[in-house]
Amino acid sequence: MEEADAEFPAAFNQEFVQRDGQQGYFGKNVLKRLVDGMESFLKEKQRSPGFRSMGPAALDGFMWLDDPELAECLSRFSHTCVVVSKQGRSARDLAKLSKLHPVADGENGMLASAFAELTGLDWQEKGRPKVIRPGTPMSDLMIPPLRTIGFRRKGPMVPILHTKIMLLGEMWWHDEDPLGGVADVIGFRPEQLWVGSANATHRSRSGLEFGMWLTDPQALQAAQKFLVQLMAHSEALDPDSDLFKPELLPVDFDNDAFAEYAAEHASEWDETDD
């Protein structure tokens with residue numbers, strides 16, 4: 001039998017419905033069920049967006065992504081960030097990476113300000129944290145749509161990102177902070193979680209896989225926390241380092257500079273108080 005003719009029988013395919021109405025799947029082409037769910041989510045948000053919506057969003061953690069249909073669907077989310085395991089630099093690896101540049105260079109990245117865990121982070125400068133001094137603007141970070149994480153294998157096995165999860169939700173905005181003050185507030189509301197065994201690859205469609213949708217609040221919150229940590233510790237599509245070296249680092253405040261600034265302007269503030 002030729003490899004191209006190798007195929008599992010349809011007898012493996014099964015579906016089940018959970019008590020909350022969400023569905024699960026076993027068998028071939030489970031990835032289609034993921035894409036179908038994403039398409040349904042997009043249609044629902046187009047038909048009935050939430051209060052002060054900034055559009056549908058997707059946070060993802062996969063070992064690898066190359067399925068064209070899945071990538072195209074992600075491109076239609078207003079905001080997305082897919083984190084995949086860091087790839088090698090062989091000719092084959094570089095060819096794989098080149099096909100993903102359109103995804104990585106997309107304009108529908110994830111707003112860092114929507115997540116408390118990303119507050120205070122900024123792009124490193126020459127390998128060191130960005131230094132904040134009086135007058136230095138804080139960056140309004142946009143995490144690119146495709147990121148990598150982990151170690152580049154150059155011999156023995158290394159730890160990899162091996163999850164196959166996608167969290168769908170909606171970005172929202174508000175013009176008041178928690179205390180009622182005027183402010184630009186952005187947030188993310190998680191709504192549906194996909195968990196399964198299939199990578200986001202075209203090849204996974206021919207294998208025997210498992211996948212299911214969840215709406216349990218605890219699962220949604222745990223997945224969000226995990227996926228935001230992936231973003232916080234991520235790197236570019238093809239970073240220079242073979243090691244685990246996140247590009248986002250906590251900013252470093254120049255306390256001496258702030259103290260000098262406060263001393264210089266203390267009299268002005270005293271006059272204002274009078």
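Author: N29 is partly exposed, with a relative accessible area of 26% (buried is under 20%, exposed over 50%, partly exposed in between, with a 1.4 Å probe and protein chains only). This is a predicted model, where local features need pLDDT of at least 70, side-chain atom pairs count only at pLDDT 80 or more, and totals for chains, interfaces and linings use all residues. Residues are numbered from 1 along each chain as its sequence is written, and side-chain values use heavy atoms, without hydrogens or water.

In the chain, N29 sits in the loop that links β2 to α1 (30-47) (DSSP runs numbered from the N terminus: helices H or I, at least four residues; strands E, at least two). Its backbone deserves a look: the phi of N29 is near 55°, a positive value in a residue other than glycine.

Now step back to strand β2, residues 23-27, which runs antiparallel to β12 and is joined to β12 by four bridges (strands pair if DSSP finds at least two). Within this pairing, G27 faces E209 of β12. Strand β12 spans residues 209-214 and is mostly covered, with five of its six residues buried.

For comparison, turn to K126, in the loop between β6 (121-123) and β7 (131-132). The phi of K126 is also near 55°, again positive in a residue other than glycine. K126, however, is exposed, with a relative accessible area of 87%, whereas N29 is partly exposed at 26%.
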